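Subject: Structure for your review

Dear colleague,

Please find the structure below, together with its sequence. My findings follow it.

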Amino acid sequence: MTFFHLPTDGRSDVLRRVQSLEVVVWSAFAVSHALCDRIEASVSTCLAEEHDQADRANWAGQLRSLAPLLLSEAPSIGLIRTRVARLPAPLIRQIESRALRLADQVPACAIVGSDLLGWAKVAPAVDLIPLLRLCVVEGGAVLAGQDRPTGRQSAPHFEPVVFGRGRAVPGLPKLQGGRPADDAEVRLIAHLAVDWHLATGFEPEAGRDGHSAFSGLVHDVFGWIGRSKKAKFSLRVYWAMMADRAGTHPAADQTAGN
């Protein structure tokens, strides 16, 4: 994991936010130093989680494009071998791990789990197709066709489940492009709120425009990671979420930015 470091003037900015709380001057430096360390760790963790989630979404997409080939009535062996050879190493390990878990029930899966890439290059079609289906496709559902502008409905189709996800499969997380908007930023604010409270002893003050000490810190952090434009909206989402949990509503002047 790449560790995030505050920019050159970042620690001075954090000290300024802490001093605005009117803590004893001699302790402000120690408090801001501890807060800086926490901020660096939280930003590093959140960025790593975001990267991992993006990878997993990409992996699910790659498996989803492989699944129809495996489920085809006339599968193209050459194309399947090519797709498998292009899978990223972490995804190869995921499939091999699943194959090894299945080996107790289907002994032939053991060879898939030991060397997926090597096996896929030479395995005969009668072994390649059924074993890959078992290791890649975790299930699925027949979904009704969608309504067309003409008023007619498209034909029902089978939607495979991969990585525990299926596009529009009831009861499962959806497969969709990209990541949910601003989820990562809201999670980062939640981390920063804990950091702020633990380091300063003060509860974060609601606000989204940067006028309060905590919201100002969030704007600083978002600026350091190149997401300044998302700070205000993400703070609004975060405080609305906290209000919902508490069964209250943020004061009008707080949500407006004070």
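Please note that this is a predicted model. The structure contains three aromatic pairs. In one of them, the ring centres of Tyr-238 and Trp-239 lie 5.0 Å apart with their planes at 70 degrees, so this pair is edge-to-face. Tyr-238 and Trp-239 are both buried. Ring pairs also join Trp-196, Phe-214, Tyr-238 and Trp-239 into a cluster.

I then turned to the helices. Helix 4 (residues 89-102) and helix 7 (residues 125-136) have axes that come within 9 Å and cross at roughly 100 degrees. Helix 4 is therefore roughly perpendicular to helix 7. On the side of helix 4, the contact is made by Ile-95, Arg-98, Ala-99 and Leu-102, and on the side of helix 7 by Leu-134, Cys-135 and Val-136. Sorted by class, the residues in this contact are six nonpolar, no polar and one charged.

A disulfide is a covalent bond between the sulfur atoms of two cysteines. With a cut-off of 2.5 Å between sulfur atoms, the count is zero disulfides. The cysteine sulfur closest to that of Cys-109 is in Cys-135, at 4.1 Å, which is too far for a bond. Cys-135 is accordingly in no disulfide. Cys-109 has 0% relative accessibility and therefore counts as buried. Cys-135, at 2% relative accessibility, also counts as buried.

With kind regards

Conventions:
Residues numbered from 1 in each chain as written. Predicted model: local features only at pLDDT ≥ 70, side-chain atom pairs only at ≥ 80, totals over all residues. Heavy atoms only, no water. Axes fitted to C-alpha atoms, helices over the stretch in contact; angles between N-to-C directions. Helix = DSSP H or I, 4+ residues; strand = E, 2+ residues; numbered from the N terminus. Parallel < 35°, antiparallel > 145°, perpendicular 65-115°, else oblique. Contact = heavy atoms within 4.5 Å. Nonpolar A, V, L, I, M, F, W, Y, C, P; charged D, E, K, R; others polar. Phe/Tyr/Trp six-rings, centres within 6.5 Å; stacked < 30°, edge-to-face > 60°. Buried < 20%, exposed > 50% of the residue type's maximum accessible area, 1.4 Å probe, protein only.
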